[in-house]
Structures are given as structure tokens and as C-alpha cells.
Amino acid sequence: MEWKLSTGLRSACRILRRSFGIFSVFVVSSLLVTIPGSVAAQSAGAVVIGSDRGGFIRARLAELQQIKARGQRVEIRGRVCFSTCTMFLGADDVCVSPETTFGFHGPAMAIGRLSPAQFESLSRLIASHYPPAIADWYMAEGRMRTNGLYRMKGETLIRHGVEACPKRAGSR
């Protein structure tokens, strides 16, 4: 059974590649495979984000769209939430752990430099997934760091209006 499934996937990818190019295969593949560490658990309608070091913007946008379509709450409770993980802050119903460390940086392309227009467009896209105060900071300062991360604790985001996640039973 496993061989038939992989053969079917290979055939589907081959058809997509011929029809839409390799880019479509990447998009479909990223939708079929969950980004490691992104969605740690789903229970009672909530998506709990564990330690997540980010990933590709397109894949994250697809993930956010699914969460929004399902009307799910997002709880960011992991040790870290870096890069595109921070885009979960723009979910309709989101809370953060005060202990989580968030890492922000400007848009970057894995295969080369972005043009100024691409940088601006992607910066605005990313900022559109942040609450207003964080979006303003990101556009003024956060996006300028393209090497390394601006680190910010969840407690700082909470002071800027992001809801704190309720403490779990048995936690301090």
C-alpha cells in the first residue's frame, strides 16, 4: 500500500510539474508535509504551537488560512517562535506564553537577494499578520535586521496588547 501511495504522489507531482512548473510541486509538497515543530497539537479547536523556528512564508500563509477557515484558536506556548512563526500573532484568536521568545527579522530569500520592491512587498505582507503595535514596530525597525533576530519575550508582546495564554494546570 505504501508503494502505491508514493507512486501516486510521484505521478501527481509529475503532472503538476508539467502543467505548472516546479514551483507548483513545491507549493503542493509544502501543503502535504507539515513544517517540523509548527503545529505541535490540536485539541478542542485550539492549535498549540510548540517550539517553531520558522519556515517559508508561502507555507505559513497556507497554514494560517487553514486555521482561519476552521475558526481555531492559536496558543503559542513553545520555548521559541522565530521567523514566520511570528505570523501566528495575526490569527483571529491568539494567545502567547510570557516565557516564549519570539524572533523577528526582515524578509530574506534563501536563493539570493531581494529587490527593494520585493523587500517592501514581503515586509508589508509579514506585518499584515501582526497586531497593529507590533506591525508598526516591525515596519519601522524589525524588518531592517536581515542577519540574526530581534528577540522579544512573550511578556513584552502581552504588554503591547497580545492576549496571555491561561496557565495550564500543574505549571508555575
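Let's start with a pair: R60 and E63 form a salt bridge, their closest N and O atoms being 3.1 Å apart. By salt bridge I mean a side-chain nitrogen of Lys or Arg within 4 Å of a carboxyl oxygen of Asp or Glu. Side chains of opposite charge can pair when their charged atoms come close.

Before going on, please keep in mind that this is a predicted model, where local features need pLDDT of at least 70 and side-chain atom pairs count only at pLDDT 80 or more, while totals for chains, interfaces and linings use all residues. Residues are numbered from 1 along each chain as its sequence is written, and side-chain values use heavy atoms, with hydrogens and water left out.

Back to our pair. Both R60 and E63 sit in helix α3, 3 residues apart, or about one turn of the helix. Helices (H or I, at least four residues) and strands (E, at least two) are DSSP runs, numbered from the N terminus. Are these two residues buried or exposed? R60 is buried, at 0% relative accessible area, and E63 counts as buried too, at 11%. Here buried means under 20% relative accessible area, exposed means over 50%, and partly exposed is in between (1.4 Å probe, protein chains only). Other buried residues of α3 include A59, A62 and L64. Just after this helix, G71 takes a positive phi of about 65°.

Now look at α4. There, E120 and R124 meet in a salt bridge at 2.9 Å, N to O. They are 4 residues apart, so about one helical turn separates them. E120 is partly exposed at 26%, and R124 is exposed at 53%. E120 also has a salt bridge with R143, again with closest N and O atoms 2.9 Å apart. R143 lies in the loop between α5 and β7 (150–153), so this pair ties together parts that are 23 residues apart in sequence. In total, the count comes to 8 salt bridges.

Finally, the nonpolar core, meaning a set of buried Ala, Val, Leu, Ile, Met, Phe, Trp, Tyr and Cys residues joined through side-chain atoms within 4.5 Å. Which members of the largest one touch the most other members? Of its 26 residues, they are I76, L89 and F104. The largest share of this core, 4 residues, comes from α5. Leaving aside neighbours within four places in sequence, L89 is in contact (heavy atoms within 4.5 Å) with residues including I76, F104 and Y130.
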